[in-house]
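Hi everyone, thanks for coming.

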Amino acid sequence: MIRVFESRKNLFTSKFAENESVTRTSYKIVHRMAERGKPFTDGKFIKECMMEAANELCPEKANFFESISLSATSVVRRAEELGENIALQIRQKARNSQWYSLALDESTDLSSASQLLVFIRGVNLDFQITEELASVCSTHGRTSGEDIFMEVHKTLQDYNLQWNQLRGVTVDGGRNMAGVKTGLIRKQLEDLQL
């Protein structure tokens with residue numbers, strides 16, 4: 001009875017390890033696709049190529065390659081999960097920052113939508129520097145300094161960053177960015193009632 005139990009346990013352990021390896025491979029492929037900006041539907045083509053290679057080079061392993069999920073919906077889901085994980089890591093690094101600075105870049109795209117990029121650069125107690133794009137905010141129509149401030153304020157809240165840890169703000173010099181730096185400082189002081 002113990003041998004049967006051990007045999008089944010080993011089978012389940014082996015299958016679990018195979019499934020984990022297949023899933024990890026799928027994430028790695030999706031990560032490469034995202035890095036190169038490939039469409040989600042390319043997963044199907046990549047899978048076809050992998051199956052051609054597997055059937056030719058190692059037909060005994062073809063079932064492993066067949067079980068790698070690269071359908072468009074799987075690629076979308078994995079890309080979203082990878083993105084959420086990256087955002088979580090950035091939030092954690094930002095939370096550990098003792099001080100931080102912001103760089104704001106605002107421009108208008110071809111569809112007349114205003115794009116505000118908020119970059120955060122922080123340093124922790126071990127003097128490790130984190131520099132990341134924290135948010136991309138899109139608005140239609142004209143944006144004022146107040147609109148930009150509200151987006152920055154929302155970003156800081158999302159990252160759980162405190163105003164009193166802010167050490168500098170750099171803006172791109174656009175005309176609707178004029179006064180943002182002083183507006184940011186004035187608004188944060190009002191909020192803190194200083």
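**Helix H4 and the cores**

Let's start with H4: its 24 residues, at 1.5 Å a residue, should span 34 Å, and the end C-alpha atoms are 34 Å apart, so the two agree. That expected span is 1.5 Å times one less than the number of residues. Helices (H or I, at least four residues) and strands (E, at least two) are DSSP runs, numbered from the N terminus.

Quick background: this is a predicted model, where local features need pLDDT of at least 70, side-chain atom pairs count only at pLDDT 80 or more, and totals for chains, interfaces and linings use all residues. Residues are numbered from 1 along each chain as its sequence is written, and side-chain values use heavy atoms, with hydrogens and water left out.

Now, which residues of H4 are buried? They are Ser74, Val75, Arg78, Ile90 and Ala94. Buried means under 20% relative accessible area (1.4 Å probe, protein chains only), and Ser74 counts as buried because its value is 5%. The Ser74 side chain also makes a polar contact of 2.6 Å with that of Ser69; that's a pair of N or O atoms within 3.5 Å, one able to donate a hydrogen and the other to accept it, and residues adjacent in sequence count only if both atoms are side-chain atoms.

On to the largest nonpolar core, with 19 residues, where Leu102, Leu104 and Val152 touch the most other members. Such a core is a set of buried Ala, Val, Leu, Ile, Met, Phe, Trp, Tyr and Cys residues joined through side-chain atoms within 4.5 Å. Helix H5 gives the most to this core, with 4 residues.

Methods:
Buried < 20%, exposed > 50% of the residue type's maximum accessible area, 1.4 Å probe, protein only.
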